[in-house]
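Let us read this structure feature by feature. Keep the sequence and the model side by side.

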Amino acid sequence: MTETDKKRLFYSLSDYLKERFGQKVRKVTVDAGFTCPNRDGLKGTDGCIYCNVDSFVMASESDISCQVRERTAKLRTQGIERFIVYFQSYSNTYADIETIRRRVELALVDEGIVSIYIGTRPDVIDAEKLAYFAELNKKYEVMLEYGLQSANDNTLRVINRGHSAADFAEAVRLTKSFGIKTCAHIIFGLPGDTREDMMRSVDLCVGLGVDSIKFHHLHVVRNTPLAEMYYAGRVDLLSEQAYIEILAEAIGRMKPDMVVSRLVGDAAQGTLIAPMWPEDKSGFTRKLTAYMEEKGIWQGCRIVHSV
């Protein structure tokens with residue numbers, strides 16, 4: 001364990017961005033009007049069991065540039081001059097290449113933009129789309145964020161995800177072949193997932209060479225199949241302490257140069273049913289770091305080589 005490791009128990013996104021760009025960088029979220037194959041009928045109409053499809057309201061293309069200009073202007077009042085355009089809502093590669101190209105370029109309206117993060121699913125990417133992102137990657141740092149959620153295919157079926165762990169692995173390998181960075185989304189506490197399953201999800205990402213991981217705890221929101229399961233007593237949610245212990249173990253299994261892009265998830269205001277923790281993210285981070293220090297855990301201390 002180096003002196004740097006002792007000071008930094010995990011490699012956060014803010015640490016990475018400061019090292020990469022030499023100054024503060026903030027995300028500008030964009031709703032670019034994409035949908036999802038798990039709600040438009042290609043693979044399903046109800047979405048994943050934790051997703052409130054009734055709340056889906058897609059933006060129009062004419063609104064994309066306006067979203068970016070308004071949000072960068074607000075951030076500049078806070079002294080921020082460098083931005084990540086983050087296509088967050090829904091599956092942002094679920095369209096033909098011309099639609100994707102047009103919508104992405106509508107967002108690139110500020111000279112302070114240094115990165116483009118694309119949130120999507122592993123089953124809606126291909127070489128043609130990645131070739132376009134590789135061209136963008138010459139000017140901007142491009143990150144493809146893929147929702148894995150779990151490496152257990154049985155769990156993926158239970159949550160109605162509509163793709164397999166093998167689909168995720170293939171998408172990561174293909175993306176890496178184009179020289180583009182990848183981020184994986186993992187949810188801890190999914191129905192049917194054991195602690196060993198959760199660790200296998202992390203080990204899969206490490207073995208594939210994913211550049212960063214976003215961790216989420218399972219939360220129940222209104223008007224979802226998961227909410228029905230929860231009220232029927234068919235879902236056991238993790239306590240905050242249990243999640244902290246699982247998350248600490250997961251971080252210990254990550255390579256030191258992988259970025260921990262998120263520690264804990266959140267829900268849209270007014271939609272959360274359970275659990276009611278964390279009270280705030282900074283408080284959660286303090287609890288996590290205290291636990292890691294107490295147990296002698298730091299990022300990279302427990303790597304398991306597995307794909």
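The dialogue below takes up the sheet, the helices, the cores and the cysteines in turn.

Q: What kind of model is this, and how are residues numbered?
A: This is a predicted model, in which local features need pLDDT of at least 70, side-chain atom pairs count only at pLDDT 80 or more, and totals for chains, interfaces and linings use all residues. Residues are numbered from 1 along each chain as its sequence is written, and side-chain values use heavy atoms, with hydrogens and water left out.

Q: How many strands does the open sheet have, and in what order?
A: Strands of a sheet pair through backbone hydrogen bonds, either parallel or antiparallel. Here strands are DSSP runs of E, at least two residues, and helices are runs of H or I, at least four residues, both numbered from the N terminus. Two strands pair if DSSP finds at least two bridges between them. The open sheet has 7 strands in the order 1-2-3-4-5-6-8, with parallel pairing.

Q: Which strands stand at the edges?
A: Strand 1 (25–30) and strand 8 (259–262) do. Each has a single partner strand, so one side of each lacks a neighbour in the sheet. On average, neighbouring strands of this sheet are turned by 25° against each other, direction ignored. Axes are lines fitted to C-alpha atoms, for helices over the stretch in contact; angles run from 0 to 180 degrees between N-to-C directions.

Q: How many bridges join strand 3 to strand 2, and how many to strand 4?
A: Strand 2 (residues 82–87) and strand 3 (residues 113–120) run parallel, joined by 5 bridges. I84 has S115 as its bridge partner in strand 3, and Y86 stands opposite Y117. Strand 3 and strand 4 also run parallel, with 6 bridges between them. There, G119 stands opposite E145 in strand 4.

Q: Is strand 3 mostly covered or uncovered?
A: Mostly covered: 8 of its 8 residues are buried. Buried means under 20% relative accessible area, exposed over 50%, and partly exposed in between (1.4 Å probe, protein chains only).

Q: Which helix links strand 2 to strand 3?
A: The chain passes through helix 4 (residues 97–107), in a right-handed β-α-β crossover. Right-handed means that, with the strands pointing away from the viewer, the path from the first strand over the helix to the second runs clockwise. Strand 3, helix 5 and strand 4 also make a right-handed β-α-β unit.

Q: Where do helix 5 and helix 10 lie?
A: Helix 5 (residues 127–136) lies across strand 3 and strand 4 (141–149), at about 140° to strand 4. Helix 10 (residues 240–253) lies across strand 5 (181–188), strand 6 (212–217) and strand 8, at about 170° to strand 6.

Q: Which residues have the most contacts inside the largest nonpolar core?
A: In soluble globular proteins, nonpolar side chains tend to be buried together. A nonpolar core is a set of buried Ala, Val, Leu, Ile, Met, Phe, Trp, Tyr and Cys residues joined through side-chain atoms within 4.5 Å. The largest has 69 residues, and F133, F168, F188, F215 and L288 have the most contacts inside it. Contact means heavy atoms within 4.5 Å. Beyond four places in sequence, L288 contacts residues including F10, I244 and L263. A second, separate core of 15 residues includes I49 and L156.

Q: How many disulfides are there?
A: A disulfide is a pair of cysteine sulfur atoms within 2.5 Å. The search of the whole structure finds 0. For C205, the nearest cysteine sulfur is that of C183, 8.8 Å away. C205 is buried, at 0% relative accessibility.
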